[in-house]
Amino acid sequence: RALVLPFAPLILRILRIGTVGAGESSMDSMPTATGPRAGEAGGERGRAVPPRPSNPMVTPLLTDLYQFTMTYAYWKAGKHQDRAVFDLYFRKNPFGGEYAVFGGLEECIRFIANFKFEVDDISFLRSVMPTCEDGFFEYLKAIDCKDVEVYAIPEGSVVFPKIPLMRIEGPVAVVQLLETPFINLVNYASLVTTNAARHRLVSGKSKTLLEFGLQRAQGPDGGISASRCCYMGGFDATSNVAAGRLFGIPLRGTHSHAFVSSYMGPDEITDKALRRCDGSSTCQDFVSLVQSWLSKIQWANSFVGTFGETNQSELAAFTSYALAFPDSFLALVDTYDVTKSGVPNFCAVALALSDLGYKAIGIRLDSGDLAYLSTEARKFFHAIEEEFGVLGFGKISITASNDLNEETIDALNKQGHEIDAFGIGTYLVTCYAQAALGCVFKLVEINNQPRIKLSEDVTKVSIPCKKRCYRLYGREGYPLVDIMTGDNEPPPKVGERILYRHPFSESKRAYVVPQHVELLKCYWPGSSGISPPRSNVHNGVVHFL
């Protein structure tokens, strides 16, 4: 009776969709609608309508023309009010992997909550569909999504092929108009969120991950969307200021090579004074303090013969930046020579800051052999701590960037390195390894009659009928299997042994005794939508991984 898509053994080992309480997942604590009209009976008045989509371009016109031609044909045939059920799902795991992470639900809910054709929209549609009857455009003016219901897996969940990410029910003409925008909002969001999650997995939970992709993203919308999705997928911060403002994502950033190379020497620094961290006094010549520390490092027993004269323009740039940001000093050290100039110059400035009660953040490496350079830098920091007795100096943070991806991070891990944080851009936000997820939006039932799409390619055969989707957990809180049943079939029961089979591979069967059962939730019950707080989604993905 039930269709099953089992977890791969590898995923059982590395992906835990565990519990935060007694049988309660991290997403179960979010408010959700529990019935087909949960927004009614007082609930609708108690919840505000979700805000508009983050991107103002997401309007009812953000769709393909054939959606409007089909809608007109439905209307003209009198079929536009037929009750339809569509499934949105993907057919194949991205990046050659064994899972994906669902993203885009919040934006979909925002979209349908504010779905309404403006006067200008109708005028434009009249101009591109001049043969359509006036009554059709009057119909478009009046429609909204109050008769639409959306059931979905919680955003940020680990998901698998063929299991519907979303089930959309409503008048066939209205739901048809949602196909293109829903696929657009889910496809890219899920792909980037998955990519971010994969980078989190290969980096390890102890590393800080920074999204640096704005300059390489596919336009402003790609940059903004990617920052949000990367944060949802387990990254800690972004360099994208607009995304920080829009979504509350922590911001990180330091300086570029241009800042370092813009200085010619210490003489360019005119304001040399720096107040102590506790405000008790002021160092009138911070530049000289830095120079004295550089001299001490050069003549210290631990560093004799290690390096000679460092680049003074670089030292001036570091000193100037430290004067501007004494409590968050992080320097890019590879403009000239990392080991012979960048790291010694950073240490001189960091020690001068330490004299005044400040603690430098660390360095960033953006080129060269990152494993070797990070190891050498760490040795230098430990030697500074031992030589001068500055506690904690050996643990100063090392950030690496330079076109990083899953493969390079994995290679760094195998080599051995001393990197604490990764700044990742191009390969992350462009999803260089795979262009699209390939979500589809298929009709599975209309007027209570199951519908199927057939194909010689079995992967393209749709699974008919209105379905319920469950995730079953074992005794230790690990997910065992995702299953689909008919909407009118009894749900799986905790502690009851049930045989499930794969929808397309008859030989794949499994007996399951679930200890906890999760059901697809209703996020748009036809009135006021519900979307989880973004921080919950971010924490949820990290928890799942």
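Helices (H or I, at least four residues) and strands (E, at least two) are DSSP runs, numbered from the N terminus. The chain holds 17 helices and 24 strands, and Thr-194 is found in helix 7 (residues 172-203). This is a predicted model, in which local features need pLDDT of at least 70 and side-chain atom pairs count only at pLDDT 80 or more, while totals for chains, interfaces and linings use all residues. Residues are numbered from 1 along each chain as its sequence is written, and side-chain values use heavy atoms, with hydrogens and water left out.

Thr-194 is buried, at a relative accessible area of 0%; buried means under 20% relative accessible area (1.4 Å probe, protein chains only). Of the 545 residues of the chain, 54% count as buried. Leaving aside residues up to four places away in sequence, Thr-194 touches Pro-94, Phe-95, Tyr-99, Ala-100 and Val-101, where contact means heavy atoms within 4.5 Å.

A pocket is an open set of points on a 1 Å grid over the protein atoms alone, where a 1.4 Å probe fits, with protein on both sides within 12 Å along at least five of seven lines; lining residues have an atom within 4 Å of a point. Among the lining residues of the largest pocket, Phe-212, Ser-239, Gly-253, Thr-254 and Arg-364 lie nearest its centre.

Strand 16 gives the largest share of the lining, three residues.

Methods: Buried < 20%, exposed > 50% of the residue type's maximum accessible area, 1.4 Å probe, protein only.
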